[in-house]
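Please open the structure in your viewer and keep the selection tool at hand. This tour moves from a single residue to the sheet around it.

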Amino acid sequence: MNANRPDVRSIVAGTCVLALGAVLLLDQTGVIELSFGVLAPVACAVTGAILLANGLGRRE
Amino acid sequence: MEDSRHEGPGEDDERKDAEPGGADSTAGGSEDPRGPEAPPPPPPADAPTEPLPQQPRRLLRSRSNRVIAGVCGGLGQYFNVDPIIFRIATVVLTLIGGAGVLFYLAALVLVPSEPVEGAAPQPPGEGRNRALVIALVIVALIVAWPFLLGGGVIAAGILIPIAFLVGAGVLVWWLVSGEGPSGDAGDIARRAALGIGVLILCGVIALAGAWAAAAGGGTIVAILVVLAGAAILAGAFLKPVRWLVLPAIALGLSAGAVSAAGIDLDGGVGDKRYRPISTVDLRDRYELGIGKLEVDLRSTDLPAGDLPLELDVGVGEARVVVPRDVCVWTDADVGAGAVRVFDRDSGGVDVDVIDEPGSRPDITRLVVNADIGVGALNVVHDPDDADDHGFDRGFDEDFENSSVAAGNSACTGRGVSERE
């Protein structure tokens, strides 16, 4: 990896995991009420973004 | 690469053509008899040569050793064994179920033919993609062949999980390390094993996260997921820690599922059955973590008027057995599962049922307020009726209907109680 260039795959994955953790934290604090109707799209978006970044990152 | 290791007949012929000139000229003396414009003589066989760059072997359909399309010949060259073994295996598989035909057709479509001499070689990336497709086809065939044999239930029960496990292992390892299913069988097996190891680790982490969230540690799990995300993000600029991604997602999604279902392990684990005799014995709230909770009110001396009953089950079933002269008012929230009130039911995920029948002042109206994480709420007159649930026959989902359930016969109507 180029030392001056951040790893795009890690940026996307880290942001997604961070967002997932934030949703869990908001649910725990009572700001939002997590249901399967909310969790399912979040899970699909997180996995999809990570797979997409993984695939695109390899092509570089 | 196969082309550099295996010598086909074409290469042999080429060598034979070149031998007379080369061998004779080197033996003739120091002066080159072919003149100054002749190409330099080939190096002697024992002279040290530069090693060729290591390239992955490629499975190709053989042009020189073929009976139909060169699939078995190519496999023989690839594994360096007699192709007749693959031919016999193909015929046997064809005779005992037809899988041999499928296998041969799949290889015919997916495996490229050996290139004609002088043709441009394929780009290297294509080999890896093809290997991935071949691996998936092999997994699919392993899954399919017990069915082709007609009733190989035991074989299917063993082979299908193994095939899925190997496929999942290869996929997981590809996601984690970027190493696809290329190389020889040993490499693929190694990667599948490592992938299965990662999968098992993620499963353990997911179970631990789910248990922690259900036991009240949801905030700690959420903070751990946030920290993992921050570490991965920081690693993008310092040193990538991509191995952390899958465990973090496993932890986050399992805790999220527990939270979405509203699973709470307070109340313990196991089956609990309550048969209160009077309202003194009847609690306002019954709670169970995992298991079956039954509250049987058939022998309870119930007073007229509204009687609250709160039920909280993490994973399992909450069953309320009521006498026929009791009207039941229901407000149930089920994360994933079903709600059944006499002859009406509803099921799926995020099930929220409110059934508000009215009643006369002189009869008992049981106000059931249930919170089930994963499982079912059953309100019945007879405990045996609870076994007949909508998962077998489809759900009615007609709680919005204006009429009162036939089983809730003690009620008088819906919406506003006559008492009010």
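Which residues does Asp296(B) touch, not counting residues up to four places away in sequence? Select Asp296(B) and you will find that it touches Arg273(B), Tyr274(B), Arg275(B), Pro276(B) and Val321(B), where contact means heavy atoms within 4.5 Å.

Before going on, note that this is a predicted model, in which local features need pLDDT of at least 70 and side-chain atom pairs count only at pLDDT 80 or more, while totals for chains, interfaces and linings use all residues. Residues are numbered from 1 along each chain as its sequence is written, chains are lettered from A and ligands numbered from 1 in the order in which they are written, and side-chain values use heavy atoms, with hydrogens and water left out.

Stay with Asp296(B), which is buried with a relative accessible area of 0% (buried means under 20%, with a 1.4 Å probe and protein chains only).

Next, select residues 285-296 of chain B, which form strand E2, where Asp296(B) is found (strands are DSSP runs of E with at least two residues, and helices are runs of H or I with at least four, numbered from the N terminus). Widen the view to the open sheet of six strands in chain B, which has the order E1-E2-E3-E7-E4-E5 and mixed pairing (two strands pair if DSSP finds at least two bridges between them). Strand E1 (272-274) and strand E5 (344-355) of chain B stand at the edges with a single partner strand each, so one side of each has no neighbour in the sheet.

Finally, select strands E3 (residues 305-321) and E7 (residues 364-380) of chain B, which pair in the parallel sense over 16 bridges; Val321(B) has Val380(B) in E7(B) as its bridge partner.

Methods
Buried < 20%, exposed > 50% of the residue type's maximum accessible area, 1.4 Å probe, protein only.
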